[in-house]
Amino acid sequence: MSQSGSQAAAFFREARQSGVVWFVRDGMGSPAPLSVDGARSLPYWSTMARAQRAAKIWGHGLRVESMPLDAWRDSDLPDAAQDGYMIGINWSGPRLVGWSFTPVEVLNRLAAAD
């Protein structure tokens, strides 16, 4: 399994176990980097430590916040789908890279973990 694949697997396992997802934001909101295919991804992490590393790498005064998994699944993912965003999962490394899924794919993977 690739590094990104193992990070994605860890995301779904850890988020289900803790019931929490983590993200970074500032006063303007969360970063939504543009991929090479032109899609924007909203990144999320399965632990506070992973999100803290991302905030440190990106800098610019980003702070770490958490959200209950149920609220993320029921509210944020449908909103992201409506706005055309992908969902970045446990991006890691010095350039914060990893897999992104559609919100529907994330919901399906979460349901499969139930």
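Guide: Let us begin with burial: a residue is buried under 20% relative accessible area, exposed over 50%, and partly exposed in between (1.4 Å probe, protein chains only). This is a predicted model, in which local features need pLDDT of at least 70 and side-chain atom pairs count only at pLDDT 80 or more, while totals for chains, interfaces and linings use all residues. Residues are numbered from 1 along each chain as its sequence is written, and side-chain values use heavy atoms, with hydrogens and water left out.

Visitor: Why is methionine 67 called buried?

Guide: Methionine 67 has a relative accessible area of 16%. The limit for a buried residue is under 20%, so methionine 67 is buried.

Visitor: Where is methionine 67 found, and with which residues is methionine 67 in contact, leaving aside its neighbours within four places in sequence?

Guide: Methionine 67 lies in strand β3; strands (E, at least two residues) and helices (H or I, at least four) are DSSP runs, numbered from the N terminus. Contact means heavy atoms within 4.5 Å. Beyond its neighbours within four places, methionine 67 contacts Gly19, Val20, Val21, Phe23, Trp72 and Asp76.

Visitor: What makes the buried residues of helix α2 lie on the same side?

Guide: In α2, residues 48–58, the buried positions are Arg50, Ala51, Ala54 and Ala55. They cover an arc of only 140° around the axis, and therefore they sit on the same side of α2. The arc is that of the directions from the helix axis to the C-beta atoms.

Visitor: Against which elements do the buried residues of α2 pack, and which exposed residues does the face turned away carry?

Guide: The buried residues pack against α1 (3–18), β1 (20–25) and β3 (63–68). Exposed Arg53 and Lys56 are carried on the face turned away from the buried side. Just after α2, glycine 59 adopts a positive phi of about 65°.

Visitor: How do you know that the radius of gyration agrees with that of a compact globule?

Guide: The radius is taken over C-alpha atoms, and the globule rule is 2.2 Å times the number of residues to the power 0.38. For 114 residues a compact globule would have a radius near 13 Å, and the protein has 13 Å, so the two agree. Of the 114 residues, 36% count as buried.

Visitor: In which order do the elements run from the N terminus?

Guide: The order is α-β-β-α-β-α-β-β-α, which comes to four helices and five strands.
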